Amino acid sequence: MLAISPVDRIFVLTGAGVSAESGIPTFRGVNGLWRNYRIEEVASPHAWRRDPRLVWEFYSMRRRVAADAKPNPAHVALAKLEQRLRDRLFLCTQNVDDLHEQAGSKRVVHVHGELFRSRCDTCSRAPFHDTNTYDPPAELPQCDCGGWIRPHICWFGEMPFELDRIFRALDACTVFIAVGTSGVVEPAASFAAHVRGRAKAIYVGAEEPANASAFTECHLGKAGEMLPDLLGSF
Ligand code: APR
């Protein structure tokens, strides 16, 4: 059990590993997305300018996979934690799926965007809910302004979302828990080091992350099997 006091403020960061048991592939694991796709062809502004149809094929595939996925006990444990701690929990996910919300989490900050939202690549129209798939022969979606509709995802080389809120919550937390993330992608990979010396940093995941030295505790195993027990004591 994780020793957490009633006054603690908890920051939880989740990564692809928390959705692995729900059937959503990770990025860098066995059969991970980046083993089968080239980032520069499907997940960068350059890729979008060069071949938006290929980019939409990739995200349409991911929408189909995520649409069939269901939350696992790790998502449920975090939703229950939110019910208990209310605003003493800050849940930040690098994942673009909606499994935290499906599990009942109300306040989820998606630092890398959301798979089932799209936006215009030209005008300032707000991102909107979009479950459609756009692979051939479907037409590429176009905005009324004439711009092209793109996935509301933070691509490599783009600014992640909600960083002000995230760093305020990091500065306020007394316990930092990272779950199922390899610790190689910034800025999330530096969150644990950011709270060092001020907050307890705990890692939960299938294997040691690249930034393991930033954590005071590492619990190795599957999130769906471990998180309910580890969080059970609140
Ligand atoms: N339970 C817990 N951890 C798991 C499980 C599981 N069932 N299965 C795999 N893991 C761990 C792996 O050991 C690995 O350390 O999850 C981690 C997944 O790492 P990545 O695939 O690198 O995913 P993530 O860290 O979330 O990637 C960060 O990179 O590609 C970008 O924007 C994308 O948000 C993503 C970011």
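Author: A polar side-chain atom of R28 lies 2.7 Å from an oxygen atom of the ligand, which is a polar contact (a pair of N or O atoms within 3.5 Å; within protein, one must be able to donate a hydrogen and the other to accept it, and residues adjacent in sequence count only if both atoms are side-chain atoms). This is a predicted model, in which local features need pLDDT of at least 70 and side-chain atom pairs count only at pLDDT 80 or more, while totals for chains, interfaces and linings use all residues. Residues are numbered from 1 along each chain as its sequence is written, and side-chain values use heavy atoms, with hydrogens and water left out.

In T181, an N or O atom of the side chain is 2.7 Å from an oxygen atom of the ligand. G17 contributes a backbone N or O atom, which lies 3.5 Å from a nitrogen atom of the ligand. The protein covers 92% of the 740 Å² of accessible area that the ligand has on its own, as computed by the Shrake-Rupley method with a 1.4 Å probe; for residues, only the protein chains shown count as cover.

We turn now to the charged pairs. Side chains of opposite charge can pair when their charged atoms come close. The structure holds 8 salt bridges, each being a side-chain nitrogen of Lys or Arg within 4 Å of a carboxyl oxygen of Asp or Glu. One of them joins D130 and R63, with the closest N and O atoms 3.3 Å apart. This pair links distant parts of the chain, 67 residues apart: D130 is in the loop between β5 (128–129) and β6 (149–153), and R63 is in helix α5 (residues 52–67). Helices (H or I, at least four residues) and strands (E, at least two) are DSSP runs, numbered from the N terminus. Both D130 and R63 are buried, meaning under 20% relative accessible area, with exposed over 50% and partly exposed in between (1.4 Å probe, protein chains only).

Another salt bridge joins the side chains of R38 and E41, at 3.2 Å from N to O. R38 counts as partly exposed because its relative accessibility is 48%, and E41 is partly exposed because its relative accessible area is 28%.
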